[in-house]
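The stops below are meant to be selected in order.

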Amino acid sequence: MSAAAITCILPAYNEAPRIAAVLDAVAGHDLIGEVIVVDDGSSDGTAAIAESFAAQHDNVSLIVQPQNGGKTRAVVTGIEAAGGSHLMLIDTDLVGLGPEHLSALIAPVSDGRAHASISLRRNSPWPWRALGIDYISGERVMPRAVLADQLDALLALPRFGLEVFMNDLWLEAGFDIAVVRWPEVDSPLKSAKHGKLAGIAADVKMMRDIFRTIPAHHTLRQIFTMRARRI
């Protein structure tokens with residue numbers, strides 16, 4: 001798989017304090033042909049930071065959504081613009097991310113050992129680290145076609161339904177899944193980003209959206225089926 005085959009989509013909403021560090025790892029990466037930042041109606045300097053990277057790197061582009069529509073809508077915008085045969089999705093709030101982590105996430109798909117890959121970060125919830133898979137991780141590599149054929153369904157999802165919806169697509173397609181451990185990478189807790197009460201509210205909303213997308217009992221089956229599909 002050539003670098004041109006991979007489009008990295010970075011959905012971003014009010015991530016000015018963190019997005020530059022993520023773009024430092026992604027922009028100009030030898031294995032990534034195209035980087036698309038989708039600013040989801042940010043009210044801080046997120047778009048300006050992404051624009052400065054786009055000015056410095058030929059393979060980086062910025063799409064600005066006129067208003068906040070949620071992560072899934074931002075990802076759909078990125079998919080519509082993507083030229084690669086494979087997509088890499090990366091959250092823009094990661095701490096400790098380096099080019100080597102991206103290379104490790106790409107490798108199992110690039111060399112044909114897996115159809116898709118997913119990260120397992122250092123601060124993933126302990127049950128997922130114990131099981132060896134974080135089923136709602138936002139960092140993934142997969143064929144573009146698996147999502148490109150589902151854009152209308154994606155737009156109908158609740159705001160936090162994307163990851164579990166993708167999981168079902170992977171399992172329906174019979175994908176072998178590479179779990180790539182990132183022991184140096186963290187995703188900040190919502191309480192650290194928004195304050196304790198707002199963070200709790202955001203976590204509750206996330207779980208509500210997940211269970212609106214798939215029932216709770218299906219979530220457990222999904223987790224253990226994905227775990228069985230690990231390579």
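**Stop 1: a buried aspartate**

Select Asp134, which is buried, with a relative accessible area of 2%. Buried means under 20% relative accessible area and exposed over 50%, with partly exposed in between (1.4 Å probe, protein chains only). This is a predicted model, in which local features need pLDDT of at least 70 and side-chain atom pairs count only at pLDDT 80 or more, while totals for chains, interfaces and linings use all residues. Residues are numbered from 1 along each chain as its sequence is written, and side-chain values use heavy atoms, with hydrogens and water left out.

Asp134 sits in the loop between helix H5 (126-131) and strand E6 (140-143). Helices (H or I, at least four residues) and strands (E, at least two) are DSSP runs, numbered from the N terminus. Now show the side chain of Ser124: a polar contact of 3.1 Å joins it to the side chain of Asp134. A polar contact is a pair of N or O atoms within 3.5 Å; within protein, one must be able to donate a hydrogen and the other to accept it, and residues adjacent in sequence count only if both atoms are side-chain atoms.

**Stop 2**

Trp128 is buried at a relative accessible area of 18%, and Tyr135 is buried at 3%.

The structure holds two aromatic pairs. Rings of Phe, Tyr and Trp (its six-membered ring) pair if their centres lie within 6.5 Å; planes under 30 degrees apart count as stacked, over 60 as edge-to-face and the rest as tilted. The rings of Trp128 and Tyr135 have centres 5.1 Å apart and planes at 80°, so this pair is edge-to-face. For Trp170 and Phe175 the centres are 6.5 Å apart and the planes at 40°, so that pair is tilted. Both Trp170 and Phe175 are buried.

**Stop 3: the sheet**

Switch to cartoon view. Seven strands form an open sheet in the order E3-E2-E1-E4-E6-E5-E7, with mixed pairing. Two strands pair if DSSP finds at least two bridges between them. E3 and strand E7 (177-182) are at the edges with a single partner strand each, so one side of each has no neighbour in the sheet. E1 and E2 pair in the parallel sense over six bridges; select Pro11 to find its bridge partner in E2, Val38.

**Stop 4: helix H2**

Select residues 46-56, helix H2, where Thr46, Ala50 and Phe53 are buried. The face turned away from the buried side carries the exposed residues Glu51, Ala55 and Gln56.
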